[in-house]
Amino acid sequence: MDRHQIQNSFILLLTATIWGVAFVAQSVGMDYVGPFTFNCVRFLIGGIVLLPCIALLNKVNPPEKKKKTEGSGKKNLVLGGFCCGAALCAASSLQQIGIMYTTVGKAGFITAFYIIIVPVIGLFFHRKCGVFVWIGVILALGGLYFLCITEELTVGKGDALVFLGALMFSVHIMVIDHFSPLADGVKMSCIQFFVSGIFCGIPMLLFEQPQLSHILMAWQPILYAGVMSCGVAYTLQIIGQKGMNPTVASLILSLESVISVLAGMILLNQRLSGREILGCILMFAAILLAQIPQKPKQSRSSAR
């Protein structure tokens, strides 16, 4: 591994750390505001933060001259941003509400289940899964059992909501996978944050009573989630993944789930039972297995 890859590995580790600690910010924010209010303000801040990033990237890498395909490019950018924003709104809302009823460590590992779900969903789009993915699915199901199902065979409300959020995050990733080759990634992310913020604002006004004083009381967790988790971490991910092996990058970013447990223990004094720790170990093993590249068969086309 050369110097550039080592540097990018540290950047990706910093990204995973920011996202892992963000679960703490999301939990603490619920002490002051409702989940929809938190997400609405957070995503709007995230969109605003990306505006100067877009301006800077345009200066560093000036956009190409206008082409005949510019119209379709803008259409894909807007449509992609809208679809990604809608999926992100649903996923983050389920996760945010679920965090109110579970620990940040469990939420981090259950959310990480999307790494297993995405390749399974890919089966419906004729994308075959390797044997490691299927082993990972079995381990992940066992991990979810120990994490979410109590000895009385009941499922916690928060765990169920976070799991549904993980399903929606999988949809969100599939939507990004479709539109990212067709549009500028940073601009599309900026649009998705604004769309998600606006969509979260609707139930915020319908079901919550947002007050500026309460939002100001929650300024630290909201700013962290908006500026660091949305704006800074996304930009660092783009920089860190450049020139990196995608599998290695995914493995480093998956440490987000481990960091969420450590952050919950250190910052919130939350502890996991032996049963839940076993679930975390099985989940993390599943995450690692799902990202092991499998050699394609010679008869298989190299096209995705």
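Biologist: Which residues of α4 and α6 meet?
Modeller: This is a predicted model. In it, K106, F109 and I110 of α4 are in contact with L144, L147 and C148 of α6.
Biologist: And what classes of residue are those?
Modeller: Five are nonpolar, one is charged and none is polar.
Biologist: How do the axes of α4 and α6 cross, and within what distance?
Modeller: They come within 11 Å and cross at roughly 160°. Angles over 145 degrees count as roughly antiparallel, so α4 is roughly antiparallel to α6.
Biologist: Left-handed or right-handed, α4 passing α6?
Modeller: Left-handed.
Biologist: Stay with α6 for a minute. At what angle does it pack with α13?
Modeller: At about 165°, with the axes of α6 and α13 7 Å apart. That angle makes α6 roughly antiparallel to α13. The crossing of α6 past α13 is left-handed.
Biologist: What does α6 bring to the contact with α13?
Modeller: From α6, residues 131–148, the contact takes F132, V133, I135, G136, L139, A140, G142, G143, L144, Y145, F146 and L147.
Biologist: And from the α13 side?
Modeller: α13 spans residues 274–290. Its part of the contact is R275, E276, L278, G279, C280, L282, M283, A285, A286, L289 and A290.
Biologist: How does the contact of α6 with α13 split by class?
Modeller: There are 17 nonpolar residues, four polar and two charged.
Biologist: New topic, α1 and α12. What are the angle and the axis distance?
Modeller: Helix α1, residues 3–29, packs against α12 at an angle of about 45°, and the axes are 8 Å apart. The two helices are therefore oblique to each other. Their crossing is right-handed.
Biologist: Which residues make the contact of α1 with α12?
Modeller: On α1, A16, T17, W19, G20, V21, F23, V24, S27 and V28. On α12, they meet E256, I259, S260, A263, G264, L267 and L268.
Biologist: And by class?
Modeller: The contact of α1 with α12 has 10 nonpolar residues, five polar and one charged.
Biologist: On to cavities. How many of 30 Å³ or more are in the whole structure?
Modeller: The search finds two.
Biologist: What lines the largest cavity?
Modeller: G108, A112, Y114, I115, L253, S254, E256 and S257. The elements that give two or more residues to that lining are α5 (114–121) and α12 (256–268).
Biologist: E256 again. Which helix does E256 meet?
Modeller: E256 meets α1, as part of the contact of α1 with α12, and E256 also lines the largest cavity.
Biologist: What is the class make-up of the lining of the largest cavity?
Modeller: Four nonpolar residues, three polar and one charged.
Biologist: Then what lines the second largest cavity?
Modeller: T103, V104, G105, V261, G264, M265, Q270, R271 and L272. α4 (104–111) and α12 are the elements giving two or more residues to that lining.

Methods: Residues are numbered from 1 along each chain as its sequence is written. This is a predicted model: local features need pLDDT of at least 70, side-chain atom pairs count only at pLDDT 80 or more; totals for chains, interfaces and linings use all residues. Side-chain values use heavy atoms; hydrogens and water are left out. On a 1 Å grid over the protein atoms alone, a cavity is a set of points where a 1.4 Å probe fits but cannot get out, and a pocket is an open set with protein on both sides within 12 Å along at least five of seven lines; lining residues have an atom within 4 Å of a point. Grid points are joined across faces, edges and corners, and a volume is the space filled by probe spheres set on the points. Helices (H or I, at least four residues) and strands (E, at least two) are DSSP runs, numbered from the N terminus. Ala, Val, Leu, Ile, Met, Phe, Trp, Tyr, Cys and Pro count as nonpolar, Asp, Glu, Lys and Arg as charged, and the others, Gly among them, as polar. Axes are lines fitted to C-alpha atoms, for helices over the stretch in contact, and angles run from 0 to 180 degrees between N-to-C directions. Angles under 35 degrees count as roughly parallel, over 145 as roughly antiparallel, 65 to 115 as roughly perpendicular and the rest as oblique. A crossing is left-handed if the near helix is turned anticlockwise from the far one by less than a right angle, and right-handed if clockwise. Contact means heavy atoms within 4.5 Å.
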